[in-house]
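Trainee: I'd like to learn how to read salt bridges and domain contacts. Could we go through them together?

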Amino acid sequence: MTTYRKPVSNTWWLESKPYFLFVIREFTSLFVAGYCLFLLLFIAKAGDSQEAYATLILSLKSPTSMVFHLISFTFILYHAITWFNLTPKIMVFHLGEERIPNALIAGAVYLSWGVVSLIISWLILGS
Amino acid sequence: MATRRTCLWKRGVKVSETFEMEIFRYYPDKDNEPFIKSYEVPFRDDWVVLDAINYIKDEIDGTLSYRWSCRMGVCGSCGMMVNSVPKLTCSAFLKDYPSRKIRVEPLQGFPVERDLIFDMDDFMNKLTEVKPYLLRKEGEEKPLEEGEYLQSPAELAHYKQYTLCINCMLCYAACPIYALDSNFVGPAAIALAQRYNLDSRDQGRNQRQEVIASHEGIWECTFVGECSVVCPKDVDPAAAIQRAKVSSTLDWFKEKMIPRSKG
Amino acid sequence: MALQYDIVIVGGGGAGLRAAIAIGETNPKLKIALVSKVFPMRSHTVAAEGGAAAVIKDNDSFNDHCLDTIGGGEWMCDQDAVELFVNEAPKELIQMEHWGCPWSRELDGTVAVRPFGGMKIERTWFAADKTGFHLLHTLFQTSLKYNNVIRHDEWFATKILVENGRCQGVTAIEMRSGIMKVIAAKSVIMCTGGAGRVFPFTTNGAIKTGDGMAMAYRAGIPLKDMEFIQYHPTGLPGTGILITEAARGEGGILVNKEGYRYLQDYDLGMPLDIEDPKHPVNKSMELGPRDRLSQAFIKEREKEKTITGPFGDVVHLDIRHLGKKKIDKKLPFVRELTKNYIGIDPVYEPIPVRPVVHYMMGGIDTTIDCRTILPGLFAAGECACVSINGANRLGSNSLTEILVYGARAGNAAAVFANEHSEINLEALEKQGADEYKRITRDFLQKDGGSERIATLRKEIHQVMEQSVGIFRSESGLKEACNKIEELKDRFSSILIEDKSLNFNTELTSALELENMIDVAESIIFSALSRRESRGSHQRTDFLNRDDENFLRHSLAYRTETESRIEYQDVAITKWPPGERVYGKEE
Ligand SMILES: Cc1cc2nc3c(=O)[nH]c(=O)nc-3n(C[C@H](O)[C@H](O)[C@H](O)COP(=O)(O)OP(=O)(O)OC[C@H]3O[C@@H](n4cnc5c(N)ncnc54)[C@H](O)[C@@H]3O)c2cc1C
Ligand code: SF4
Ligand code: FES
């Protein structure tokens, strides 16, 4: 017997909002990876010499770099937030019969994010 | 699901106006192209979408085919796409579509057999593959005369959520990965495997891993998460899959990192 | 070509699956066909909520479970069948536990039990309030282990095939292709469930059209005790969705429009305050048997004490005093259903309820070994009548029954299949061809026709509600007989618009309608003949129970010319007929 299969269009991810947001989340991971690479290269280069370091710092202040950082920051933020919101699904804990509420787990993740960010800023800015 | 409906009981039923139903039709033996047929039904605010479809079948067009039985959201037969969203039609009320018009299609991602009926064989085979039954190690089965296995309410709570799956297939219809690659074991089957893995009485996780931890199993999932959004029973299959990923990863680490003691 | 098996099981609900597993476990060499018109996990066992009864706790005894069941059934139960059932029950429920059923638990990890209507001791095992759902899915998933169980999902059985005085298979339509096949087997088990759909207002799903009962009836096998139809006292108005008796087992109360617990006026005992730690009292008030509670509702309505609403009169089921926490833990489905379907949250408001057709005590006549009078044909579950339910089933006995007797039917059919090997394939094929001819002639290739399926269905509904509802009378039943004749006649000019083969659900609806008419006929005839009032069969013209003439099972036979009713003695072993006592010392 013949059956009918609806073809999946190439733009399936544009056809519903949740799919679109999901694809954006996946897409932003490129920026996460890209920025990591960038940081690594930056550190490697910066270690070369005093002058190299100074030029790199200067180049960071250029408008192109500013725009690049702003875009990366937004995307990485989006990536982080979407994943943080998903953590309660991955980490399920029970206290006796009661399940620890999702908000509490997500809250804990955000809290640790805040704390880690504070420590890092203190290390960089405070020292 | 949990939204509180206005009290039909006290207000009484409103019957007024009409409601337009655009229904996907497909005859495998007559043509190979499906078509949309439009029907006008009375609008009643106590009606669910399934009631309107039954009205069409009973009063207008006896040739329409679809599945249903319990009309109380528990048998899992009546899943359809309503305005492109997977729904149990016996729990979706007409009054929640204020435009007074909806389109009803078979659940997406499956081969259509006739009108609103899709082919479920693929799921039935996958369900069998994940061994959704309690497995005990050789010789560790308790004889019936010795009574039940003890299980505390807390242990029950660990897996209870995943027992609630009614096999309605809404989660598969919501999953873009399954639509693109039907080899994916899929949300409900994995959730049911997890249901047994997390049951304190079960000892069969290793036997399920082959299918679950395969590429077509949990690792095919990219965590779109829509399966859990559409699930009418709060099973949260997305969570089941991610948790299985965590356990499988831990397995891997344990195997690689911790030197095995030789007995 | 015919399909050949050792055993065919028609029906993939709790009874059918349990039978299949029983054979799978004990006879791995036998090839079993499991034929079901819906995927097994869609069977209506899925809708059962409250629980399954079996003696397990120390304060309980087999004798009490037997006596509760027999008294509940107003002495129409076969006591040997009840004893067997009560003895086997704990083992079956423990077996379900070993297969993974998520029974609710006590703190110490043992299985928890709750009180249920008509039961002296709390002995109803439960999985929150989705017991049937969990039982069915556990059975279905467990059945996947056995590779000698071959499923034919979405195959619609139409006829029992008899050859050489033995049942040798069935014909069934593979719905996907529309092709009719002969499924030949050495023994056949009917597990096709109940027939609540012959009534308009029922807790039963669309598939419960009494197909197996009608097929057996047409094959000359008697239907036993068909007049006994259970109304459940608490259905949601409009849809008929069930609010489980567990709501009352947990302490819910029934009140009329004045807020008065009216059951105290109907010989069901006196109410205790809802705050009293002894409330609810077993076998009293709200925990009385279903027949008496449903009858009390009708009397209350006659007194104009019920509440009028858009879907007919109701009373209130109040569970607010249980509190949100207990409701969410023990009755989550009740809350989900009332919120979704009538917009009422039982944590804050009482639930409107009215009696609703729920269960068929009667069915295919079987012996205690699930045998029918036709050699090779067995039956179990709601489609059968063995009889442990008598004139009124006690809530939570039926889920246990489908397990105990499902397994028993499986084993008996296996023994029979091992003893009988010869099958006359040629003759069966010929019968199959004839059946196919009938279906094409009467439905698929029929021209014209003017009667819509829905119209005839509505008319059956009307006549059933009017004539064989909670109270019945001779004049009403006689009228109903004429109506049924008329409907049979009109059925021959049924209108079938769909002439295609694949998933022709109009054809299957027509076949179901045909079955419903036959089942309705057997109910009406049996009710007309029983000139007494007993359990769920209340005659306004014969108000009393008449043990002398009617402590007997009715057997409805379909013959060439007309139907006839015969009677058969009830098996009484230890418990002589007595008075039904509720709400006071026995
Ligand atoms: C809402 C509700 C709540 C209930 N709650 C309880 C409770 O709490 N406790 C309790 O003990 N009992 C309860 N009951 C009663 C109990 O659930 C049923 O009596 C029992 O489940 C019947 O099981 P079964 O296997 O006989 O039939 P079913 O589960 O109805 O299965 C029938 C099977 O037969 C198949 N079939 C039928 N006709 C055909 C055909 N022509 N061809 C092929 N296959 C066919 C169907 O596909 C299905 O698989 C409840 C019933 C209802 C309706
Ligand atoms: S997981 Fe939810 S959506 Fe998926 S089949 Fe089960 S109940 Fe349906
Ligand atoms: S009809 Fe059973 S889930 Fe909708």
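Trainee: Which residue meets Lys303(C) in a salt bridge?

Mentor: A salt bridge is a side-chain nitrogen of Lys or Arg within 4 Å of a carboxyl oxygen of Asp or Glu. Here the side chain of Lys303(C) pairs with that of Glu300(C), at 3.7 Å from N to O. Before we go on: this is a predicted model, where local features need pLDDT of at least 70, side-chain atom pairs count only at pLDDT 80 or more, and totals for chains, interfaces and linings use all residues. Residues are numbered from 1 along each chain as its sequence is written, chains are lettered from A and ligands numbered from 1 in the order in which they are written, and side-chain values use heavy atoms, with hydrogens and water left out.

Trainee: Is Glu300(C) buried or exposed?

Mentor: Buried means under 20% relative accessible area, exposed over 50%, and partly exposed in between (1.4 Å probe, protein chains only). Glu300(C) has 1% relative accessibility, so it counts as buried, while Lys303(C), at 41%, is partly exposed.

Trainee: What about Glu459(C): which residue is its salt-bridge partner?

Mentor: That's Lys483(C), with the closest N and O atoms 2.9 Å apart. For the setting, you need helices (H or I, at least four residues) and strands (E, at least two), which are DSSP runs numbered from the N terminus. Glu459(C) sits in helix 12 (residues 453–467) of chain C and Lys483(C) in helix 13 (residues 474–491) of chain C, so the bridge ties together parts 24 residues apart in sequence. Glu459(C) is buried at 16%, and Lys483(C) is partly exposed at 22%.

Trainee: How many salt bridges does the structure hold over all chains?

Mentor: The total over all chains is 86. Between domain 1 and domain 2 of chain B, though, the count is zero.

Trainee: Where do those domains of chain B lie?

Mentor: Domain bounds come from an automatic or database domain assignment. In chain B, domain 1 covers 14–118 and domain 2 covers 121–132 + 152–262. Contact means heavy atoms within 4.5 Å, and 14 residues from domain 1 of chain B and twelve from domain 2 of chain B take part.

Trainee: How much area is buried between them?

Mentor: Buried area is the accessible area (1.4 Å probe) that two parts lose on being put together, summed over both. For these two domains of chain B it is about 980 Å², with carbon and sulfur atoms giving 70%. On the domain 1 side, Pro86(B), Leu88(B) and Phe110(B) lose the most area, together 43% of what that side buries.
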